[in-house]
Amino acid sequence: MRFDLQIIASWIKDGSKVLDLGCGEGDLLHFLKKERGVSGTGIECDESKVARCIERGLPVLQGDINEEIQDYPDKSFDYVIVSQTLQQVYRPDELIQPLLRIGRRVIVSFPNFGHWKIGLHILLSGYAPVTRQLPYQWYDTPNIRVITIKDFRKFSREVGFDILTEVAIKDRNSCKRGNIIKILPNMRATYGIFMIGETDK
Amino acid sequence: MIFINDGGNEEMSEYIEHDTGGVSVGVVKKRYFTFAEPPHEMILESGAKLGPITIAYETCGTLNESRSNVVIVEHALTGDSHAAGYYSENDTKPGWWDIMVGPGKGIDTDKYFVVCSNILGSCMGTTGPGFNNPRTGKPYGLDFPVVTIGDMVKAQKALCDHLGIEKILSVIGGSIGGFQVLEWCLRYPDMVCSAIPLATTARHSALAIAFNEVGRQAIMADPNWANGSYYSGPKPDLGLAVARMIGHITYLSDESMRHKFGRKLQDKNDFSFNFDADFQVESYLRHQGEKFIERFDANSFLYITKAADYFDLKNQHGGGSTVRAFSKAKAKFMVVSFSSDWLYPTYQSKAMVKAMKKNGLDVSFCEIDAEWGHDAFLLKSDRLTALIRGFLERVCRETGQGRHEI
């Protein structure tokens, strides 16, 4: 499992209820179900990925994230996970509010555009950055939103939600392993992971 | 010559290529169960009484000791109880869903005990308008009461009681079979662990009613129909054939017709300049009509399409709210639609998924990309097979039902 998903999994309490937006083939949900006794649902737009999830025994809905989340009653989930999807959403600000409505906690991870290699790449080459975490050309990238770790903190203040936990990570070559970055995370981390929402009572 | 051999014929038609890979449940037997003997007739949704009622059904696989591995397969408009297998060693034509039901298949008969029964009002062994009315000794004809999807399911419940089935691992069916699936979930929520409605809807649309009505009008306009009392004379074959032709158009799609037929001519190089079948699509439809009249009763067509048109869970179970209707359900759902189905388009599946979600039900949804229109749910699809297999395995795991203890 991807390193950022491992971190996310470590935050999720046993037996909780989870909604995974953009769940892909369901790696995280599968892990959480098996190891944590979590009951979870995924939402994914790609038919073949949806089918893969169902074949693996995961409940999943094929559809558009923005539409699908509207139908859930308030606080339907303990955690709503948006892993490496926020940067692909047209209006992240309009997405985040309904997520906080349907989930007690929302966990967001995204590739950090503040990483020094990206900055250096632009500075030296003059081209839009292409890195291991962001392997696309400017014209075919699904990542339509450029976010840095500092941006997300600012976003929390502007949209008005609380950050409960945040971790910056740097993944290694096999994206399954990595380190937590504590010093200068905005420059050194490849991904930011945030948990937002209600504080523990 | 009929050139169709690549499937594409909804509802148990003759041309589905039966690619069973040589694997089959083998020989199956049609059985009958009769109940609701007077004076204990079944009270129908209309208030009318019907009895006795005979249900034709078939089973495959083995019922486990805890009776927890029951899968009910529901057939569509013109189907029958013969979901899988053959009637004899020499029988060459397998059941209508043999590609899905059998050992190691999507609905694995090594694991599950599959029950499929012919629906009320049909003509494949279950009581319908062609059955003898015990009061007159003659076929019911239009004296047969109008039945609903709910009535069909109520009759199936009686069959389950008879077979000692108290829990159903899954109810699976497409089209009108899907209506029955949904009806099961709302009528007997404590019995149904899971449900797979395929290519279906929670309420029949104006478009679907319109096509049914044209089909019915074609039958009733046939002079041989004789107000439904034709059983001792010539049958309304022409009307029924036209009704079937209309049905077939709705089972296909613009795309599939373009690919399958285009404007190709049938057995000729030029127009005939008369009203023979020039185009392949005409020939196809005519052939479907002709084949159909050999096996189906026109009155049954009227009754079943009427039941389909009356189907509306929103009003029948929810007092005008689909969400309230599904508040009765407890099953885990897997809803599947097909991208080119214009009879029961994806948005109708999504509407029921929405209502299920709002009730906090465990629901999965997948829209399979398929060009074959409504027909697609009966055609060989590795995707659908994998979905059904995976879903059923999960239901077994999560409910503790369905373990094969033998």
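Predicted model: local features only at pLDDT ≥ 70, side-chain atom pairs only at ≥ 80, totals over all residues.

1. Chain A contains 8 helices and 8 strands. Its radius of gyration is 16 Å, close to the 17 Å that the globule rule gives for 201 residues, so chain A is as compact as a globular protein of that length.

2. On overall dimensions, the C-alpha trace of chain A spans about 50 × 40 × 30 Å along its principal axes. Of the 201 residues in chain A, 42% are buried. If we take the contacts in chain A between residues at least 6 apart in sequence, 63% of them join residues at least 24 apart.

3. Now to the interface: 15 residues of chain A are in contact with 22 residues of chain B. On the chain A side, helix H3 (47–55) and strand S3 (60–62) each supply at least two residues. H3(A) gives the most, with 5 residues. By type, the chain A side divides into 8 nonpolar, 3 polar and 4 charged residues.

4. In chain B, have a look at Val28(B), which sits in the segment before strand S1 (31–35). Is Val28(B) buried or exposed? Val28(B) has 24 other C-beta atoms within 10 Å, and the cut-off for buried is 20 or more, so it counts as buried.

5. Which residues does Val28(B) touch, leaving aside its neighbours within four places in sequence? They are Glu58(B), Cys60(B), Ala84(B), Gly85(B) and Tyr87(B). The C-alpha atoms of Val28(B) and Pro94(B) are separated by 9.9 Å, although the two residues are 66 apart along the chain.

Note on methods
Residues numbered from 1 in each chain as written. Chains lettered and ligands numbered in written order. Helix = DSSP H or I, 4+ residues; strand = E, 2+ residues; numbered from the N terminus. Rg over C-alpha atoms; globule rule 2.2 N^0.38 Å. Buried ≥ 20, exposed ≤ 12 C-beta atoms within 10 Å, placed from the backbone. Contact = placed C-beta atoms within 7 Å. Nonpolar A, V, L, I, M, F, W, Y, C, P; charged D, E, K, R; others polar.
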